[in-house]
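Welcome! Let us walk through this structure together, one piece at a time.

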Amino acid sequence: MGLALYVRLLLVLAAVLAAVIIGMMAGLLARWEGARTPTCIRGGSAAAGAALTLFLLVLTSLHALG
């Protein structure tokens with residue numbers, strides 16, 4: 001028996017929020033290094049996308065998403 005739908009949705013929401021926070025931190029760190037704004041946005045977006053992908057892969061491998 002798998003997890004309830006609302007638990008799976010909460011897990012995905014937590015993964016998305018953690019990925020957004022990681023992306024924002026990556027953008028801020030790039031900005032503190034002196035990078036220009038478009039470079040910071042691109043780096044933060046790439047970090048958020050990679051983090052979300054890894055979070056969802058881990059949740060899938062743990063059979064938490066179905």
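**A walk along helix 2**

Helix 2 covers residues 37–61, 25 residues in total, and spans 36 Å from its first C-alpha to its last, close to the 36 Å expected at 1.5 Å a residue. Helices here are DSSP runs (H or I, at least four residues), numbered from the N terminus, and the expected span is 1.5 Å times one less than the number of residues. Please keep in mind that this is a predicted model, in which local features need pLDDT of at least 70, side-chain atom pairs count only at pLDDT 80 or more, and totals for chains, interfaces and linings use all residues. Residues are numbered from 1 along each chain as its sequence is written, and side-chain values use heavy atoms, leaving out hydrogens and water.

Which residues of helix 2 are buried? They are Cys40, Gly44, Ala51 and Leu59, where buried means under 20% relative accessible area, exposed over 50%, and partly exposed in between (1.4 Å probe, protein chains only). The buried residues of helix 2 pack against helix 1, residues 5–32, with contact meaning heavy atoms within 4.5 Å.

Helix 1 is also where you will find Leu28. This leucine, Leu28, is partly exposed, at a relative accessible area of 41%.

The phi of His63 is near 60°, a positive value in a residue other than glycine. Is His63 buried or exposed? With 62% relative accessibility, His63 counts as exposed.

Key. Helix = DSSP H or I, 4+ residues; strand = E, 2+ residues; numbered from the N terminus.
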